[in-house]
Amino acid sequence: MANVTVIGAQWGDEGKGKVIDWLANRADVVVRFQGGNNAGHTIVVGDKTYKLSLLPSGVIQGKLSIIGNGVVVDPWSLLDEITRAQGQGLGISPDNLILAENATLVLPLHRDLDGAREARAGAGKIGTTGRGIGPAYEDKVGRRAIRFADLADPEALEVKIERLLAHHGALRAGLGLAEARPEEILDQLKQLAPKILPYVKPAWRVLGEAIKEGQRVLFEGAQATLLDVDHGTYPYVTSSNTVAGQAAAGAGVGPTAGGYVLGIVKAYTTRVGEGPFPTELSDETGRLLGERGHEFGTVTGRPRRCGWFDAVLVRQSIAVGGVQGAVLTKLDILDGFETLKVCVGYRLRGETIDYLPAGLRDQAAIEPIYEEMEGWSESTRGARSWKDLPANAIKYVRRIEELIGAPAVLLSTSPDRDDIIMMLDPFQG
Ligand code: IMP
């Protein structure tokens, strides 16, 4: 099976964009299967920097790119992104970009709700990206969402909008938001339809045919396992399943189609938004990691919280996601640290545990148990072979492999597309 599924193994921002771009070069089709424009990928190619949010990374290479049914799509944001990408010289058209007809729309009322709830929650907020992702998924599961196929049928659309507003009307009133007017939404969607419908197709069919023909498919995950609605640090998570198992349901293929599962792992830990973070460093070291690693959110620009590598969390992500190989990224950010710490277990009320407990109170109470490792003074930035790496950097990688229970099959050593050390080609894996 020559397909690959890529997922993040921490709280996102592991450097998936570059790895996905690199893999997209080797693929024929690239598919997004969950999330929405809460995701942000930065891809550097020569002197050009592309910032993608909803568009699958295959658009940079001109590969067939599919936005699967598992994605929630803000159509206006997608059209803006297409225009921006075209302005950067990327050839995007309905010939190479497909939007699943059964994908859910994110509407302005979802953003309103996201913002109003977060504002009202005060200190108890999730710290969402404010893109309306959670409310859109709620409507999907609540069976009242507008889907792209509905745009082709204005009469049905009218009924669906009524149904949607029957629910949102009460919520908006309770939150002190202005009443949403059905005719305004209908009008917006009618104007949108001719622009977006050319991209709307039965994506599952196109994908099924590509797989039958033996084309190589790359399933591109967004966010990461610790933000998964089931397996993450609930409720401080996103509203979709981010694990590799979602690739099948969110794209419309069988469970074996995902192929080799690759987990992206950053050499230290970061998170944006609220929620538990056992190895967080609120000191000078944390600040230094953030500064060196340019740890600011691609979507919101928020500074990311930084901390030491947490092998317990990554081992758990690898287990629940069926990750077969890891890509270790941003090792160069650790260059020059005299000593490095790696979390190998937790202490919880006097006991030692080797997993993240599910309860919030326990998650807040755990204390990391660290193993110290000697750092390296040489630069690893841009290394393209093992022999370019200092001995202590190799030791660090080997120890991480041992602790997380998966081999590092790729090492990314700078944001540049070509700075990669490959131990195994995931498409041959
Ligand atoms: P939402 O997905 O906007 O609802 O945000 C829920 C949580 O997921 C917040 O903590 C966000 O910061 C986080 N989040 C969502 N998307 C990303 C991402 O692409 N990278 C990192 N964190 C994300």
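1. The protein is divided into domain 1 (4–101 + 200–260), domain 2 (104–196) and domain 3 (265–428), with bounds that come from an automatic or database domain assignment. Residues are numbered from 1 along each chain as its sequence is written.

2. The C-alpha centres of domain 1 and domain 2 lie 23 Å apart. To the contact between them, domain 1 gives 25 residues and domain 2 gives 24 residues, where contact means heavy atoms within 4.5 Å.

3. This is a predicted model, in which local features need pLDDT of at least 70 and side-chain atom pairs count only at pLDDT 80 or more, while totals for chains, interfaces and linings use all residues.

4. There are 12 helices and 20 strands in the protein, each a DSSP run (helices H or I, at least four residues; strands E, at least two). The radius of gyration, 22 Å, is close to the 22 Å that the globule rule gives for 429 residues, so the protein is as compact as a globular protein of that length; the radius is taken over C-alpha atoms, and the rule is 2.2 Å times the number of residues to the power 0.38.

5. Of the 429 residues, 55% are buried, that is, under 20% relative accessible area with a 1.4 Å probe and protein chains only. Among contacts with a separation of 6 or more, 76% join residues 24 or more positions apart.

Note on methods
Heavy atoms only, no water. Buried < 20%, exposed > 50% of the residue type's maximum accessible area, 1.4 Å probe, protein only.
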